[in-house]
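Hi,

Here is the structure I promised to pass on. Have a look at it first, and my notes follow below.

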Amino acid sequence: MIPEVKQEIIELGDGRTIILETGKLAKQADGSVVVRMGNAMLLATVVSAKTSDPSIDFLPLTVDYREKFAAAGRFPGGFFKREARPSDQEILTMRLVDRVLRPLFPKDYHAETQVMIQLMSHDENVMPDALAGLAASACIQLSDIPFEYPISEVRVARVDGEFIINPTKAQLEEADMDIMVGASEDTVAMVEGEMKEVSEKEMADAIKFAHEAIKVQCEAQKKLAEKVGVQPTREYESEKENAEMAQKIYDFAYEKCYTIAKDDTGKQERGERFAEVKEACQALFTEEEIEADGDLIGKYFGKAQKEAVRNLILDENIRLDGRKTTDIRPIWCEVDYLPSTHGSSIFTRGETQALATVTLGTSREANVIDLPSEQGEERFYLHYNFPPFSTGEARPLRGTSRREVGHGNLAQRALKNMIPVDCPYTVRIVSEVLESNGSSSMATVCAGTMALLDAGVQMKKPVSGIAMGLITDGDKYAVLSDILGDEDHLGDMDFKVTGTEDGITACQMDIKIKGLSYEILENALNQARDGRMHILGKLTDTIPTANEQVKAHAPKIITTSIPENFIGALIGPGGKTIQELQKATETTIVINEEGDKGIVEILGTNQAGIDQVLAKIKAITFKPQVGEVYDVKVVKILDFGAVVEYLEAPGNEVLLHISELAWERTNAVTDVVNLGDTFKVKYFGVDPKTRKEKVSRKALLQRPPREEKKDDGHKKPNHHKKSE
């Protein structure tokens, strides 16, 4: 018997709906829900352990999002026909959901918790990542797991000046804004997306529009929970507390931390001095006290340190490194640092440094995307690496982290719309973070811009980026430009904004406080713009415009097209022609079919080799036009004519019949032309009698005058007349 299903329907206002359903699937999970929009269906489940390890002082939360190929009626690509490690796109969706959920669990809740979301049915007109946050929150609302309040996430696009919630792919392709917003009924918690040079106000308007839709979705989750029956929140073992110890550490450490924060020291020295104060806190307690509650010392010291640094900024407008809130750290830049790359640059801002390289290639090097919800390829992509030595650490390398995927994606989105549509190359940027104390993703954007310009990529406009922070106590607030690593975790909002001189191209925000006013948000964005413009000036001072040509050792690429019926001739039997041509010219040749044409990409460092390939293509595709005159060269002598080759299309040969050599009677071909001779011929097309192509030399010569009759009435012999 099919169990009873509870539903709640969310109206999007344009005829589309989102359905929340529970009661049929995955009933052993603590909470499960199916979210449906069109034919797209996502299953979200949550399970949290009933007990926790007392030695763990954090929430071991795992958010997992997967797209099953069966959902789209497709087989996984590759040799193994089974979904394996998550794709970058799946990881990015996991991060979007995690960032909104994690702060809403109680600070002292440390039970192993797993939220799993999977795409079970795909709809080409629905982008499932926009439903993942709603699905995750809804399944938690149906459980007894402690969680502050429901949230949701939506995608907002702007098409022709109008905002759209959860647009289709087709609509997104026409949009000038694409942002994901996560929020509760009262507070915006997360924003991430890309834009085509929009203003700060336009971005704030998009966030407001998204928030209104999210309020409706949060209300629907509460209604569904009421239909199912709201469960009492489970009891759990809270963190142990010691108020006396907390006060003692605060009284001892606060002023000392305040003084250290005010002393304008570097990251390493500051860290050592804070560590000394933390160590001194141990001496405040007996061995028995330390044995009982020694694990709380670090926690209480951290709270005192955080409050001291925040108050210094709010009360005296002074930051850890002595800067004012609007100051940007010293910047130095360099381009063309690496001699063998196609483009390179170094961007250093304070104690953050990124080395970026650019590699140019053909469409064969495009990044292939093969997912149930998306297929295609990227001709511009960016990879970001964050090695442990960049923060002075030694730790094992475990492959590419989710953080590296997320930071690289943000930098890629910041730059991609500034790559010209007609750029013939596939472009790959790699950012190696060599030092980190403050946003390395924004350093990557700046280094990436300069490396592109150094490589000769004709960017529409250069892009810079800045990481910002916000601290507020409710009555007053401070916006921090170019935040340090130490400032990143103590603020109430951290956000990264990239853009050109004319507008924002990408952003990422995490808002940690309730009820942040849009006035503060807009003020923060405007301060970020001032910082971006300062940094942009440093970039353009280093390299004002893109180099006119790619570097001598970098590949040049020429793109041409040929009729579809000539593709086979260029490739040759078994690929012989194209392989021999690539070897002889030291080039790479790529052919892609588009409609009734073949798009040919020729990549090489030697212009002579590229020219040779172009000549070969011209020869293969050469079609003489009726009535036109062409230069030819004799390549073979026959009894009945000469085989000639078109000089502008080597390899294209045609028979010049002996009768078309001259007006005079020709007894032997060599009486008129010899091997290697060059001259002009006129093309007459296909002769209807012989059904062969006809060219003529004599047609371009002046015809001799006819001989006049003699007085005796006899005609002079006409040597031009053919013998009968």
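This is a predicted model: local features need pLDDT of at least 70, side-chain atom pairs count only at pLDDT 80 or more; totals for chains, interfaces and linings use all residues.

Axes here are lines fitted to C-alpha atoms, for helices over the stretch in contact, with angles from 0 to 180 degrees between N-to-C directions.

Residues are numbered from 1 along each chain as its sequence is written, and side-chain values use heavy atoms, leaving out hydrogens and water. Helices (H or I, at least four residues) and strands (E, at least two) are DSSP runs, numbered from the N terminus.

Back to the pair: in α10, C446, T449 and M450 meet I535, L539 and T542 of α12 (contact means heavy atoms within 4.5 Å). That contact divides into four nonpolar, two polar and no charged residues. Nonpolar covers Ala, Val, Leu, Ile, Met, Phe, Trp, Tyr, Cys and Pro; charged is Asp, Glu, Lys and Arg; the others, Gly among them, are polar.

α10 (residues 440–455) also packs with α9 (residues 402–416): their axes come within 9 Å and cross at roughly 40 degrees, so α9 and α10 are oblique to each other. On the α9 side the contact includes R403, H407 and L410, and on the α10 side it includes S440, M442 and T449. Its residues divide into six nonpolar, six polar and one charged.

S464, in strand β18 (residues 464–472), is buried, with a relative accessible area of 0% (buried is under 20%, exposed over 50%, partly exposed in between, with a 1.4 Å probe and protein chains only). Leaving aside residues up to four places away in sequence, S464 touches V445 and C446, and also I535 and L539, among others.

Finally, the largest nonpolar core has 159 residues, and L101, I117 and F347 have the most contacts inside it. Such a core is a set of buried Ala, Val, Leu, Ile, Met, Phe, Trp, Tyr and Cys residues joined through side-chain atoms within 4.5 Å. Another core lies apart from it, with 19 residues, among them F622 and V695.

Cheers

Notes
Angles under 35 degrees count as roughly parallel, over 145 as roughly antiparallel, 65 to 115 as roughly perpendicular and the rest as oblique.
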